[in-house]
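I set out to record the surface, the fold content and the salt bridges of this protein. The entries follow in the sequence in which I looked things up.

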Amino acid sequence: MKTKLTILSAIMLSSSLLIAPSFSYAKLPVAVDGQQLPTLAPMLEKVTPGVVSIQVSGAKEVRRQVDPFEFFFGNPQRQQRSQKQPFSGLGSGVIIDASEGYVVTNNHVIQDAEKITITLEDGREYEAKLVGTDKESDIALLQVKAQDLVEVKLANSDLLRVGDFSVAIGNPFGLSHTVTSGIVSALGRSGLNIEGFEDFIQTDAAINQGNSGGALVNLNGELIGINTAILGASGGNVGIGFAIPSNMMKNLVDQIIEHGEVRRGSLGIEGRTLDAGIAKAQDIDLKQGAYVLRVVEDSAASEAGIKAGDVIVSIDKADIHSFPELRSKIATIGEGKKVKLGIYRDGQVKTVKVTLRGNNQASAAADKMHPMLQGAILESNSDVQGVRVKEVAERSPAARVGLEEGDVIMQVNRKRVKTINELARAVDDINGNIVFGVKRGDDSIFVLIQ
């Protein structure tokens with residue numbers, strides 16, 4: 001045994017002389033634009049004053065989830081217990097317009113807040129006014145009245161490449177103006193079920209709780225994204241963070257400023273991400289894109305001449321990798337905007353001009369409105385004067401309360417609803433029992449939710 005250990009030690013020693021340990025770290029470039037870059041300090045000195053810390057406080061309505069069987073075997077008149085509980089929270093924000101005092105952050109940072117206070121890098125504090133929000137993309141716009149603000153210049157996020165260096169600035173765990181660096185790990189991330197519209201920049205720059213709403217910048221100090229989410233079982237950084245691209249954020253903010261709300265754009269197609277199976281079956285010489293399954297009549301797509309079987313490969317010269325990416329970009333660009341789409345058809349790519357219509361069709365997971373609606377997928381469109389139940393999972397809470405596929409929700413406690421947003425607002429305003437007026441075929445029924 002001693003001989004074997006000696007031989008093993010000799011082999012290890014010999015190997016250590018020949019092979020150096022290998023470590024993989026993102027290394028900063030030696031120069032940018034021909035100028036040596038020994039430190040990020042000069043860039044950060046200009047940018048960090050444009051990043052703010054956000055403190056919020058308020059009271060949330062807390063509802064107790066009730067098993068639906070309690071209703072049948074208990075008191076049918078019993079009201080659901082609910083109460084308001086005070087809360088406070090921390091987050092980050094970015095000044096995007098110094099003259100107007102506009103600060104952008106995440107909707108989840110300020111949701112339900114009754115008081116919003118921002119703190120600048122120099123210690124000044126101001127109470128902020130909420131200008132508008134968009135829950136589905138998790139963007140909120142605030143405004144403060146203050147002098148000598150510093151804004152962060154916006155970059156064109158469509159020009160980002162995987163491997164570009166990135167710097168995250170924010171307020172993690174209340175540690176204001178913390179800076180971390182890394183690279184852009186991936187682009188166009190979707191399907192994470194974090195938000196309704198997902199087109200994330202993925203970065204390995206450390207992002208933690210409190211970084212939400214903060215800045216992700218490039219080495220020129222330009223804003224490439226708004227830090228939004230992290231992926232990790234412990235709720236802390238594991239090297240995978242997500243940011244909303246600056247172009248997407250700007251489109252949404254411009255709509256909020258102009259209209260007071262986000263008016264989503266609609267192309268009027270159904271589709272899926274192009275994969276190897278579709279490409280082979282349809283003899284398509286492409287590896288990525290958004291495959292068009294159906295074009296809605298009298299839509300922006302039909303007007304532009306888009307057909308089923310086309311593959312949308314770009315929007316305004318920016319590559320499209322998947323159908324969810326296309327959906328998110330179209331929805332956030334906004335109603336009435338003109339875009340140029342790259343369309344692959346019959347072995348060739350051509351450009352078509354499209355004027356986006358209003359978003360007259362939307363779908364959403366119903367559990368975001370109420371826990372007893374879990375398992376239902378709802379949709380609203382101009383052809384149905386109500387909210388249609390598109391799917392109901394078997395044995396789900398939504399199925400147990402009595403909802404069925406094909407139902408159309410027309411009323412909430414006798415209040416008429418026509419869209420998902422109207423339904424969500426109506427449900428949110430109710431503290432007790434909820435009664436849906438539902439059209440099922442030729443019948444009208446009521447569905448009780450506790």
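I began with the surface: the accessible area of the protein is about 24200 Å², and 49% of that belongs to carbon and sulfur atoms. I took accessible areas by the Shrake-Rupley method with a 1.4 Å probe, where for residues only the protein chains shown count as cover.

I note that this is a predicted model, in which local features need pLDDT of at least 70 and side-chain atom pairs count only at pLDDT 80 or more, while totals for chains, interfaces and linings use all residues. Residues are numbered from 1 along each chain as its sequence is written, and side-chain values use heavy atoms, with hydrogens and water left out.

I then looked up burial, with buried as under 20% relative accessible area, exposed as over 50% and partly exposed in between (1.4 Å probe, protein chains only). Of the 450 residues, 43% count as buried.

I listed 10 helices and 30 strands, taken as DSSP runs numbered from the N terminus (helices H or I, at least four residues; strands E, at least two).

I counted 16 salt bridges, each a side-chain nitrogen of Lys or Arg within 4 Å of a carboxyl oxygen of Asp or Glu.

I examined R357, which is partly exposed at 29%. R357 pairs with D298 at 3.7 Å between the closest N and O atoms. This pair links distant parts of the chain, 59 residues apart: R357 lies in strand β23 (residues 357–358) and D298 in the loop between β18 (290–295) and α7 (300–304). R357 also forms a salt bridge with E303, at 3.5 Å; E303 is in helix α7, 54 residues away.
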